[in-house]
Amino acid sequence: MDWMPPYRSRMRSEPTPETVRPLEPVGGDLRALLGTVSDFVTDVVDGLADAPASDATGVADLLADRSLRQPPPEDGRPLAELLDVLTGAAAKGLNPASPGYLAFIPGSGLVSAAVADLIVGVLNRYTGLAFPAPGLVAMEADLLRWLAELFGLPAQARGILTSGGSLATLSALITARQARLPANFLAGTMYVSEQAHQSAAKALRLAGFPSSALRVVPVDSGGLRMDVDALCAAVHTDRAAGLQPFCVVVTAGTTNTGSIDPLPAIADVAAHEGLWLHVDAAYGGFFQLTERGRQRLRGIERADSLVVDAHKGLFLPFGTGCLLVRDGELLREAHSGPAADYLQDITDSDLPNFAEFGPELTRDFRGLRLWLPLHLHGVAAFRAALDEKLDLAELAYDELVEHPHLRVLHRPELSTIAVRCQLPDRSGSDGDIATAELLRRVNAEQRVFMSSTRIGGRYYARICVLNHRTDRSRVTEAIQAIGHHASALAARSPRET
């Protein structure tokens with residue numbers, strides 16, 4: 001048919017002065033805009049090796065800069081000028097994209113995932129329901145199926161991509177609450193180790209439980225893992241008191257030290273006691289791609305719910321978490337509700353409506369930032385990168401544990417090491433002060449950036465290797481800097497320290 005509706009004819013015609021819209025650059029203008037952004041991104045990535053891992057100097061001057069903190073103008077400003085402002089704003093603070101960033105749990109940010117975000121923003125498709133974008137929802141659903149199989153979950157498992165582990169944990173606990181407790185759930189109790197991430201306690205509170213519902217279980221002295229006997233005792237004590245134990249949170253990679261709770265033993269307890277087994281694998285989960293990771297995470301396949309953060313173990317930009325639930329129907333029942341009248345035009349299909357599996361009704365095509373990197377680079381590239389991180393953590397441990405003025409906690413199970421100054425004939429508080437000074441000195445050099453924590457009441461510096469740009473040379477720099485400053489601090493008198 002040669003006939004074409006008039007509106008399609010207009011869409012294909014060249015823009016005229018009457019049809020130019022300032023909010024919609026097209027043709028050459030759009031190419032120029034994207035070219036400027038492309039040059040900006042390339043310069044940022046190419047400069048990361050030499051960029052500071054952190055820079056806290058001049059923050060007051062930055063925040064006083066009127067070019068940074070002014071209201072939007074009536075007329076637009078050139079893009080190059082705005083990117084200069086952005087460059088200045090991003091120059092201060094922490095730089096997780098830097099290969100020297102070894103603090104907290106790094107999220108280094110794959111460029112290919114950022115490209116996916118650009119595409120998603122341009123497509124601007126709604127994926128809360130399958131009907132508006134069935135092909136895109138199918139891609140995301142297939143990706144979630146692959147993830148469920150990676151962790152050994154059964155065919156009925158379902159999942160949802162979230163903004164991160166915190167939202168995923170909240171949905172998991174709401175599902176556990178509905179599956180394991182009556183409508184009046186206030187007698188329910190949940191069990192976490194004293195090394196568990198704070199997101200579990202926060203999710204419990206947001207799910208409507210009183211603070212008294214949380215039980216903090218001690219850890220063993222060797223690997224800082226949940227004490228299984230203490231867990232059993234706490235459950236039995238609560239049952240005897242008329243309370244209703246309903247959930248235990250197992251950590252597969254603690255933030256402090258990367259320790260993995262004894263998954264098989266706790267899974268046995270959960271099965272015997274009728275507890276929902278939630279595994280917080282936000283940090284450690286994607287090491288499942290490696291042979292060493294699969295061995296260390298044995299038992300994770302028994303989880304009722306499982307949280308993993310792709311912005312950690314798959315190196316994606318911040319804002320990419322995932323919840324997997326063993327019985328997907330329980331997840332749907334906990335989050336779905338009556339259909340709204342204004343959705344009567346939506347037809348059903350075999351594809352999931354993601355709005356029924358989580359708290360968000362509005363959501364973009366979140367899956368592309370995982371789908372594109374995995375398909376573009378291949379799973380083997382991610383496996384190799386994760387194996388490299390395990391190797392680098394082992395390297396750091398083997399070197400630092402031999403230093404006479406350092407105390408390193410247990411050999412890393414994943415990629416995190418906790419270390420502190422060990423000063424002869426000095427008190428523990430002297431060691432705390434020296435370790436804080438060690439951290440300050442190392443970070444001041446700006447080649448690496450580490451964070452700190454307290455373990456057993458003592459101050460420790462932490463190294464976490466989970467940046468796809470971090471290589472052997474940068475970890476060696478960190479080892480040398482730590483050793484140099486530890487020796488210098490040990491040579492000082494107690495009063496000087």
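Helices (H or I, at least four residues) and strands (E, at least two) are DSSP runs, numbered from the N terminus. With those names in hand, let us walk through the structure. It is a predicted model, where local features need pLDDT of at least 70, side-chain atom pairs count only at pLDDT 80 or more, and totals for chains, interfaces and linings use all residues. Residues are numbered from 1 along each chain as its sequence is written, and side-chain values use heavy atoms, with hydrogens and water left out.

A pocket is found on a 1 Å grid over the protein atoms alone, as an open set of points where a 1.4 Å probe fits, with protein on both sides within 12 Å along at least five of seven lines; its lining residues have an atom within 4 Å of a point. The largest pocket holds about 1200 Å³ of space, and 36 residues line it. Nearest its centre you will find Phe 40, Val 41, Val 44, Val 45 and Ala 97. Helix H2 (27–46) gives the largest share of this lining, nine residues. Other elements that supply at least two residues each include helix H4 (79–90) and helix H5 (111–123). By class, the lining has 22 nonpolar, ten polar and four charged residues.

Next, look at helix H17, which runs through residues 472–490.

Finally, turn to the charged side chains. A salt bridge is a side-chain nitrogen of Lys or Arg within 4 Å of a carboxyl oxygen of Asp or Glu, and the structure holds 26 of them. In one, Asp 304 pairs with Arg 180, with the closest N and O atoms 3.9 Å apart. Asp 304 lies in the loop between helix H11 (291–296) and strand E8 (305–309), while Arg 180 belongs to helix H7 (residues 165–180), so the pair ties together parts that are 124 residues apart in sequence. Asp 304 is buried, at 15% relative accessible area, whereas Arg 180 is partly exposed, at 33%. Within helix H16, Glu 437 and Arg 441 are four residues apart, which means about one helical turn separates them; their side chains meet in a salt bridge of 2.9 Å, N to O. Arg 420, Asp 432, Arg 454 and Arg 458 are linked in a network of salt bridges.

Methods: Grid points are joined across faces, edges and corners, and a volume is the space filled by probe spheres set on the points. Ala, Val, Leu, Ile, Met, Phe, Trp, Tyr, Cys and Pro count as nonpolar, Asp, Glu, Lys and Arg as charged, and the others, Gly among them, as polar. The expected span of a helix is 1.5 Å times one less than its number of residues. Buried means under 20% relative accessible area, exposed over 50%, partly exposed in between (1.4 Å probe, protein chains only).
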